[in-house]
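Please keep the structure in view while reading.

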Amino acid sequence: MDKQKISRETFMQLRDFIYEKSGIFFQENKIYLLEDRLSRRLQARNLSSYEEYLYFLRCDPDKDGELKELFNAITTNETSFFRDINQLDAFRTGIIPKVVEKKGNGQRTFRLWSAGCSTGEEPYTLSMITMDEWMHLNGWRVEILASDISEQVLASAKRATYGEYAVRNTNDGIVKKYFLEGSSGYVVKPEVRQAVRFVNINLLDMPQMKGIRGMDVIFCRNVLIYFDDNAKRKVIGHFYDALADGGFLVVGFSESLFNLTRAFKPVGINKCVIYQKI
Ligand SMILES: C[S@@+](CC[C@H](N)C(=O)[O-])C[C@H]1O[C@@H](n2cnc3c(N)ncnc32)[C@H](O)[C@@H]1O
């Protein structure tokens, strides 16, 4: 079948649909990117135009099933273990001691959320770091919620098996300590995996977000870059509610909350800006 072209009008409608459902905003110069990402969905559903596809998303009895496939198709899932090491060192040397000091006399559960966790490298990295910090966290229970809108990446995350590319930023000592190396690749050890719970969550979904409370630290890195300011503000508001008092929000190295909220205080740790709930 010849590759179908997407008209400007249909692009606008699809883009509004996607934005409303996920917060992900395709600029007008991303028309070919969207066309490319959705062409396989047209084939899979045996549809001959993007207009038919839009109609399917709105009206077909299996529209909910297709929405999940749409999320799988449109999301950018680039990630790796130990990505942006300066931020992770800020977590290790600054955030963990502060949380331990604050909560030390109360309930000894350290609650982390990797929001937009993709194929799992980020939450497993956090689990490895907390295991390395046992001197601080001895006697603590570590719980890591790892969520993504794409079921496809979550299925991959649960397999916990990775290729060379995923560990390209990981030093050999860590690889030896926390992975089993076999013919299938690098498999994350069970003791690292046990702290991590994967859940399918859309950050724009109010009822789902309302169920998350009492987090000590939220990592939401390289996710908000795909949203417009309005969607960013909504998600940041949800994060505020999900954090415990004084909790920390870590956004991507190139991201900032500047002009989006005044409910967080920027704190400099290890040359990184981390946001603390006021
Ligand atoms: C580029 S990856 C970032 C992965 C990891 N946080 C990192 O920094 O390496 C962005 C992830 O955000 C997810 N995402 C995008 N929009 C989302 C939404 N509305 N709700 C939940 N996850 C979303 C995508 O599926 C994708 O896996």
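Which domains give residues to the shell around the ligand, and where does the ligand lie?

## Ligand site

In this predicted model, residues of the shell around the ligand come both from domain 1 (8–74) and from domain 2 (85–277), so the ligand lies between them. The residues around the ligand number 24, and those that come nearest are Thr-75, Thr-79, Gly-116, Ser-118 and Ile-149.

Sorted by class, the shell around the ligand is made up of 11 polar residues, eight nonpolar residues and five charged residues.

## Packing of α3 and α4

Helix α3, which covers residues 50–59, packs with helix α4, covering residues 63–74, at an angle of about 120°, and the axes of the two helices are 7 Å apart. Because angles from 65 to 115 degrees count as roughly perpendicular and only those over 145 as roughly antiparallel, this angle makes α3 oblique to α4.

On the α3 side the contact involves Phe-56, Leu-57, Arg-58 and Cys-59, which meet Lys-63, Glu-66, Leu-67 and Leu-70 of α4. The contact of α3 with α4 comprises five nonpolar and three charged residues, with no polar residues.

## Overall fold

The secondary structure of the protein consists of 12 helices and 10 strands, and the C-alpha trace spans about 60 × 50 × 35 Å along its principal axes.

Terms used: Residues are numbered from 1 along each chain as its sequence is written. This is a predicted model: local features need pLDDT of at least 70, side-chain atom pairs count only at pLDDT 80 or more; totals for chains, interfaces and linings use all residues. Axes are lines fitted to C-alpha atoms, for helices over the stretch in contact, and angles run from 0 to 180 degrees between N-to-C directions. Helices (H or I, at least four residues) and strands (E, at least two) are DSSP runs, numbered from the N terminus. Angles under 35 degrees count as roughly parallel, over 145 as roughly antiparallel, 65 to 115 as roughly perpendicular and the rest as oblique. Two residues are in contact if their C-beta atoms, placed from the backbone, lie within 7 Å. Ala, Val, Leu, Ile, Met, Phe, Trp, Tyr, Cys and Pro count as nonpolar, Asp, Glu, Lys and Arg as charged, and the others, Gly among them, as polar. A residue is near a molecule or strand if its C-beta atom, placed from the backbone, lies within 6 Å of it. Domain bounds come from an automatic or database domain assignment.
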